[in-house]
Each structure stands twice: as structure tokens, then as C-alpha cells.
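Me: I am new to this structure. Please show me how to read a few of its features.

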Amino acid sequence: MQSIAMSRRLMLGAALAAPWIGGRASAQGLTLRAADIHPDGYPTIEGVKYMGRLIEERTGGRIRIQMFHSRQLGDEKDSLEQTRFGVIDITRVNTAPLNNLVPETLVAGLPFLFRDTAHMQKVMDGPIGEDIGKATLPHGLVTLCYYDAGARSFYTRGKPARTPDDLKGMKIRVQQSDMWVAMMRAFGANATPLPYGEVYSALQTGVVDGAENNFPSFLTARHFEVAKHYAQTEHSLTPEIVAMSKRSFDRIAKPDQEIIRQAAKESVPHMRGLWVKMEEDARRQVEAGGALIVEADKPAFARLVRPVYDQFVRDAKLKQLVERIREG
Ligand code: GTR
């Protein structure tokens with residue numbers, strides 16, 4: 001695992017040393033560097049590429065997006081930092097790695113808060129999503145839009161996590177967010193926060209007993225090969241976020257900023273169309289690859305989440321956001 005972490009750092013170091021990193025203006029125009037951890041073809045990547053095509057068309061080729069997929073620019077926490085400082089221009093991450101920095105974002109990942117995908121989309125596309133997005137601005141990030149990430153469920157090595165009792169004593173990998181650590185504790189598991197790129201080997205070597213994610217990630221990160229029991233707990237519908245570096249954004253003229261915002265917005269339905277298809281395909285493919293998908297006792301998990309809300313939804317601002325979401 002150390003060597004993976006090390007090579008990741010070396011890779012990032014090399015990338016940052018390269019002269020072409022950071023929004024580069026030339027006689028041909030401005031190229032915005034976008035980062036994503038997923039492999040090429042994943043719906044989040046295709047969403048940002050689509051956004052790039054719209055921007056290129058509407059600026060007559062003056063502004064383009066260049067996509068660096070597959071963790072070429074590091075794991076999400078690294079790429080977020082680089083984006084805040086303007087080394088990377090655009091990053092697509094889950095809301096989780098932002099939670100400790102921008103508490104408003106943790107609301108979107110709270111367990112069993114969104115009733116279903118339609119509810120999540122309505123909230124994130126509307127004024128609540130806008131308010132959550134505004135909270136990233138003082139931290140150097142302009143939130144452009146949100147993408148779908150389906151429902152996250154547990155997958156484990158020895159036996160499926162049908163009930164919270166099954167999780168007792170298990171080490172479960174989570175994203176690097178205190179709220180996610182607390183969520184695992186509430187479910188009775190031991191949380192091990194790890195970057196995404198280290199999860200496969202952690203599962204393979206037994207450093208962790210399981211992890212949790214949606215079907216497309218379960219498939220493309222090949223986690224199904226090393227943790228085949230997938231129990232449909234669907235405990236969080238946490239969405240993805242596409243954020244631009246405020247430093248890069250501020251260097252762009254107002255009309256072009258508008259083009260970027262609008263293109264991001266229009267990329268959302270495109271991404272969602274691809275997502276629905278990918279979720280079905282991924283489910284089929286992991287099953288064909290030997291994954292065993294089972295139903296889970298969702299209400300038993302939902303009954304345990306109170307301590308997470310008590311610990312993280314404390315101040316008036318977050319309480320209000322949660323109330324607005326519940327009413328929405
Ligand atoms: C995926 C998500 C990534 C990342 C990953 C993880 O579903 O698209 O942004 O959050 O999960 O678990 O680290």
C-alpha cells in the first residue's frame with residue numbers, strides 16, 4: 001500500500017512540475033485542466049467532456065477543457081487542494097472529501113436523508129444546492145454543478161452486510177470525511193478512511209473487510225473481484241460535485257464565466273442519461289463477474305443514524321439545510 005501511495009505522490013509531483021499544468025493561455029486560447037479519479041468513459045468524465053465541448057463551441061474555440069482522468073492528478077483530496085490553489089482548474093469529486101473543509105457539503109451525504117434520486121436531484125439542482133455551492137467559494141472553489149452518484153451500499157469479503165449486526169467488528173473503508181467515519185460507527189463498523197486508489201489492495205490484503213459504493217465504482221475499480229458480497233443498504237445518495245478553481249475562474253471575463261456556468265448546467269442531464277445506463281450495465285457486469293447481490297434490512301440501518309445527525313447537524317445553518325431538504 002505504501003508503494004501505491006508513494007507512486008501516487010510521485011505522479012502528482014511530476015504532474016505539478018510539468019509546465020503545462022494550470023490554466024494555460026496561449027495564442028490558441030485557454031486550456032482548462034480538469035481532474036477526475038475515474039477511468040475514461042465513466043459518466044462523470046463524459047459529463048465534463050461534454051461541458052468542454054459546449055464551452056469550446058460557444059467561445060469559438062477560445063476556451064477548452066483538457067481532461068486528466070484515472071487519478072493522473074492524484075486522489076480527490078490532492079486534486080481538491082491543487083484546484084483551490086489554481087494549479088488544477090476544474091475537479092470533479094464526491095461531496096465527501098469536501099466535508100471537513102466545507103461543512104455544508106456533508107448535508108448531501110447524510111445517511112437516509114434523500115428519499116430517492118428524484119428528491120436528491122430536485123434539492124441539488126435548486127436553491128438548496130445553490131446555497132451548499134456558495135459555501136465552497138470562501139475556500140477557493142466555484143461550484144458549477146452536481147452529478148449523480150447513485151446509492152452507496154456495502155460490499156464485504158466474508159459475508160454480506162444484510163443487517164448492522166453483520167457489520168459488527170468489520171473494518172470498512174470510508175472516504176476521508178469525519179462524518180463518514182461517524183456514520184460507520186453508528187452502523188456498528190470500524191471505519192478506515194482511505195483514498196480511493198488504495199481501496200483495491202486494502203480489500204485484497206484484508207487491511208479492510210469491506211467498503212461501500214455504487215455499482216459503477218464497484219465495477220470500474222474492480223472491487224467486486226476482492227469483495228464479492230454486495231448488500232443493497234443504499235445508505236447514502238451523496239452526489240458528485242464539479243468545482244472550478246476560484247483563482248482560474250476570476251481570471252476569465254464575465255461573459256465567458258457565464259458560458260462556463262451554463263455549459264456545466266447543461267452537462268447535468270447528459271451525465272444523468274449516461275449514469276442510468278451505466279448503473280444497469282455495471283450491475284449486470286459485476287454479477288457476471290461473480291458478485292453476489294443481496295437485499296439488506298434498510299430500516300435496521302436507518303434506525304441507527306441519529307448520533308450522526310446529533311454530532312454533525314449542530315449549528316443553525318446546517319439544521320436549516322436539513323429541514324429544507326426534508327420538506328423539499
Ligand atoms: C465514487 C465517487 C468518487 C469517490 C469514490 C470513493 O462513487 O464517484 O468521487 O468518492 O466513490 O469512494 O472514494
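Me: Which backbone oxygen lies 3.3 Å from a polar atom of the side chain of His 229?

Reply: A polar contact is a pair of N or O atoms within 3.5 Å; within protein, one must be able to donate a hydrogen and the other to accept it, and residues adjacent in sequence count only if both atoms are side-chain atoms. Here the oxygen belongs to Gly 158. This is a predicted model, in which local features need pLDDT of at least 70 and side-chain atom pairs count only at pLDDT 80 or more, while totals for chains, interfaces and linings use all residues. Residues are numbered from 1 along each chain as its sequence is written, and side-chain values use heavy atoms, with hydrogens and water left out.

Me: Is His 229 buried or exposed?

Reply: Buried means under 20% relative accessible area, exposed over 50%, partly exposed in between (1.4 Å probe, protein chains only). His 229 has 12% relative accessibility and therefore counts as buried.

Me: How are helices α5 and α14 placed?

Reply: Two packed helices are described by the angle between their axes and the distance between the axes. Helices are DSSP runs (H or I, at least four residues), numbered from the N terminus. Axes are lines fitted to C-alpha atoms, for helices over the stretch in contact, and angles run from 0 to 180 degrees between N-to-C directions. Helix α5 (residues 127-134) packs on helix α14 (residues 316-327) at about 155 degrees, with axes 10 Å apart. α5 is therefore roughly antiparallel to α14 (over 145 degrees).

Me: Which residues of α5 and α14 make the contact?

Reply: Contact means heavy atoms within 4.5 Å. Pro 127, Ile 128, Asp 131 and Ile 132 of α5 meet Leu 321, Arg 324 and Ile 325 of α14.

Definitions and conventions
Helices (H or I, at least four residues) and strands (E, at least two) are DSSP runs, numbered from the N terminus. Angles under 35 degrees count as roughly parallel, over 145 as roughly antiparallel, 65 to 115 as roughly perpendicular and the rest as oblique.
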